[in-house]
Structures are given as structure tokens and as C-alpha cells.
Amino acid sequence: MTEISDWIYRISRYRLIGSKCVECGEVAYPPRLTCYKCGGKMADYQLPRRGKILYYTVVKSLPERYNRYGAYPVAIVELEDGTRIFGLLTDVDNPEKGMEVEAVLRKLYTYGEHGKIIYGVKFRPVLG
Amino acid sequence: MKPGNDVGIYGYGAYIPRYFIENKIISSLWKRDAQPIQSKSFPNYDEDTITISYEAALRAIESSKAPIEKIGAIFIGSESKPYAVKPSGTVLVDALGLPRSILSADYEFACKAGTEAMQTVFGLVSSGMIEMGIAIGADTAQGRPGDELEYTAAAGGAAYIISRVDMGVLARLEASYSYVSDTPDFWRRSGEDYPRHLYRFTGEPAYFHHIMSSVKGLFEKYGYQPSDFAYAVFHQPNYKFPTRVAAKLGFTREQIKPGLVVPLVGNTYSGSSLLGLAATLDVAKPGDKILLASFGSGAGSDAMVFEVTELIEERRMVPPVSKMISRMSPGDYSTYALYRDMLKR
């Protein structure tokens, strides 16, 4: 993503706002203008913040922007409404399938030592 | 000071990062005996004052079900702002979905920036300029490797949603008193990574003088005495200072016990006394009076008196501070150094 698209997508990234097709009900995250299934128009849709891990893996071969702190886990999370989205995990040493997680705001990356700090949603085990 | 119109706390939330490091690891590394507390929290690599403030504010909003469309101010008190120039509150406005017709600023007064933010929101709400506001104290405090502060400088914060009493509050503000003087006990110059301090000078002329002055001033002006309070919360840079100032002012160990989170969490700077207040509200009952006295180096103290209402039962934070502490995991010094960006790559 460029620094401009970081800004354009900030609200959907901060708040987990996706889109829902007004024709067929398909949900997309990140949000889209048209449905990739039926071509219908899509409207903003607030995704639930809680869900569970369906699949996970640990990424060890990292692009430079993410390579400051070593490997990190990523997951396909099934949210409470059934939507499945890809997300970064945080605050978890040993992810497990079925683990209850919730979306929180974290630093995603920074543009070097002097550039902007980019924030967005990550998933961590539910606090309670 | 007394508010013109009755104001109080509508909701509260706190956040402590997941990791802690034991003091004995730090003292063994530097071959020293001093262990002022048991352990301190430290932030994950993807956490900073903005994300900690977000978590505390979100928990305050969700636990109290506050009508966020009425929020007209958000102030964050911190001495570890992620940016030297770029406000932290604007990220929270968009991340929490607050109205954009809102006041927002970052406050700095060393460790009392959080209570300073509260005082401002109390004033704005009391005057009728806004209906509700959020005041936050949060830090990822810096401790130079090997310095005394490294044992205690921790990460965490708390957020308070403030409204008029007639909107329904869980605690009413009865009175407050502030005391400041030019006392250079601790500072961090622009562009410096770590603060400096004047060792023993931080005790009597700074911490004790300012807290004793604000609390005694409050008591004399409004006629309170220690026995009026169910609980008291003092700024907690270590275990010794708040327990000693409590004793000097005539408070018992029982009165300060629920709010004394420093032995396990450490000194969360601007979050310190506000985190203690959150832990106290977790156990307080309707009718209880709570004294809050912050301390900020440089130096000053805000003392406030709250009376808890019936609404506390339905607005307590979920999960409570005690559960947030019990879910923490131990970290070693290498993880701490990496996550605190002490390692050059």
C-alpha cells in the first residue's frame, strides 16, 4: 500500500468496516464498491469484532516493512456473523484452531524511522 | 475547586499490555540488589500510547454503553506520545467512531497529565460547553537501561467518560484541588530517548510535598478527613511512596489496598493513578467516597473526591483490572529489549 492508500483505507482498517452486497448479501473485507460474486452494488457493513481462528500459520519469510521483530502469526478468522477474513494475530505465542479472538487496534508498520506510523486491526485472544 | 453544575464519571476502562518482566531479571542483569517492585508490564512491539488509549477508551465505552454521539472532547495525557508533532486523539476519534465535531489535544504534565485531562473535561462538561468527554492517561514509559527507572517504568492506561450527573454517573465529583510548583525532580529534554531524574530529590521535595499539599489543601478547604473515605488512590511510582504518603496523611493500608497495582504492573506514569482508580472502582460500592491524588514531576498534584453511585453495579469494567493482571505472561530481558526498540538492526 502507498501512504495515500493507507490514509484512504484507514477507517475500514481501524474499525473493521467491510461491505455487503445489496443484491446477494455477500460480504467483503476490505470493502469493495461492486460485488465480486454478482456484480451488485455494495454498501458499508460493520463486521463483528469477535470470532474464532479457523486456520493459522506463522510467517517467517518477511517483507522488510514487517521484519523488525521476527516471525508473526496470521490467521483466517471466522467472525461471529460467519464472515471469514484474513488477519494478523498479536499477543499470542501458540495460536490454536478454534481460539476465540477479538479485533484490536495495533501498529501495523511504520515508514522507516522517520515516517508515519500506520495503525489497523489485528486479532488477539479475547480478554474477557 | 467545585464544578458549577454537578458532573461525574459515566464510565471507565483500563488496559495493561500482556507482558511483564520481573525486577529480579533486571537486577541480576545489572548486578544490583534493588528491586523496588515485583514486576512491571511492557508493551508488545505493536503497542504504543495510541493503541493503549484506544483499548482503555473502547472498554470504557463498551462497559458503560455510553452514547458516543454525545462525546464532545477527547484528551490524552501522556509523556510517551508516538509522535512529537501529530495529535494522538485524532486516531482515536476515527478508530472509535466518535463525532468529528469534537475537541482533541494531547496533554503533558509528566505523570499527572491524565488527571489534568480529567479536570479539563470536568470543566467543559460542568460549564455546558459539551455534554460528555473522554479523558485518558496512558504511557509506554521509558527507562534508560541500568537506570533506577528501568525497574518500574511500565506501560498501561485508563480512560474516563465524563458527563453531567443528570445523565447518570457511576461516581460524582464532589471537589478537587490542584497544587503545582517549579520543582525539577525529573525531566526529558526534546529529542532525548530517556528521562533524567535527581535521585533522592524525587521523594520529599517532589512527590511527598506536592501530594501532601494538594490533599491537605482539599481537606482544609472542603472539610474532609481520612475517615470519610472508603478508599484512597495515590500516584504509584513504586510501592514505598504511595504507602508512605498514605500513612503520613492518616490513611490505612486497607483504604489504599484495592488501588495499589504497582507491585505487579509497575509505574504506568500518566496511567498510574488512573489505573489505581479503575481497580478501586472495580470493587467500590454505592455511597463509597474515593480520594484520588495524582503526582506529576516538574511538579504538581491533582486531588479529587468522588462519591460512588448505584450505577456502579451495572457499569463496572469488563474484565476488571485484576483479571487483566492475572492474564499477563512473563517476558525475558531480550524480548523486552526487542519490543522496546533497544536493539539496533
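1. Let me start with one residue, A:L127. A:L127 is partly exposed, because 16 other C-beta atoms lie within 10 Å; by the rule used here, 20 or more such atoms within 10 Å make a residue buried, 12 or fewer make it exposed, and partly exposed is in between, with C-beta atoms placed from the backbone. A:L127 sits in the segment after β8 (117-125) of chain A. Beyond its neighbours within four places in sequence, A:L127 is in contact with B:P319, B:M324 and B:R327. Contact here means C-beta atoms, placed from the backbone, within 7 Å. The C-alpha atoms of A:L127 and A:E23 are separated by 37 Å, the two residues being 104 apart along the chain.

2. A word on the model and the labels. This is a predicted model, in which local features need pLDDT of at least 70 and side-chain atom pairs count only at pLDDT 80 or more, while totals for chains, interfaces and linings use all residues. Residues are numbered from 1 along each chain as its sequence is written, and chains are lettered from A and ligands numbered from 1 in the order in which they are written.

3. Next, the make-up of chain A. Chain A contains two helices and eight strands, in the order α-α-β-β-β-β-β-β-β-β from the N terminus. Helices (H or I, at least four residues) and strands (E, at least two) are DSSP runs, numbered from the N terminus.

4. On overall shape, the C-alpha trace of chain A spans about 45 × 35 × 25 Å along its principal axes. Of the 128 residues, 27% count as buried.

5. Now the sheet. Five strands of chain A form an open sheet in the order β6-β5-β4-β7-β8, with antiparallel pairing, where two strands pair if DSSP finds at least two bridges between them. Its edge strands, β6 (84-88) and β8 of chain A, each pair on one side only. On average, neighbouring strands in this sheet are turned by 30 degrees against each other, direction ignored. Strand β7 (residues 100-110) of chain A pairs with β8(A) over nine bridges in the antiparallel sense; A:A103, for example, has A:F123 in β8(A) as its bridge partner.

6. Chain B meets this sheet too. Helix α2(B) packs on the sheet, touching β7 and β8 of chain A, and its direction makes about 155 degrees with that of β7(A). Axes are lines fitted to C-alpha atoms, for helices over the stretch in contact, with angles from 0 to 180 degrees between N-to-C directions.

7. As for the chain contact as a whole, 21 residues of chain B and 16 residues of chain A take part. On the side of chain B, α2 (49-64), α3 (89-96) and α11 (321-326) give two or more residues, and the largest share, four residues, comes from α2(B). That side of chain B has ten nonpolar, three polar and eight charged residues. Ala, Val, Leu, Ile, Met, Phe, Trp, Tyr, Cys and Pro count as nonpolar, Asp, Glu, Lys and Arg as charged, and the others, Gly among them, as polar.

Terms used: Two residues are in contact if their C-beta atoms, placed from the backbone, lie within 7 Å.
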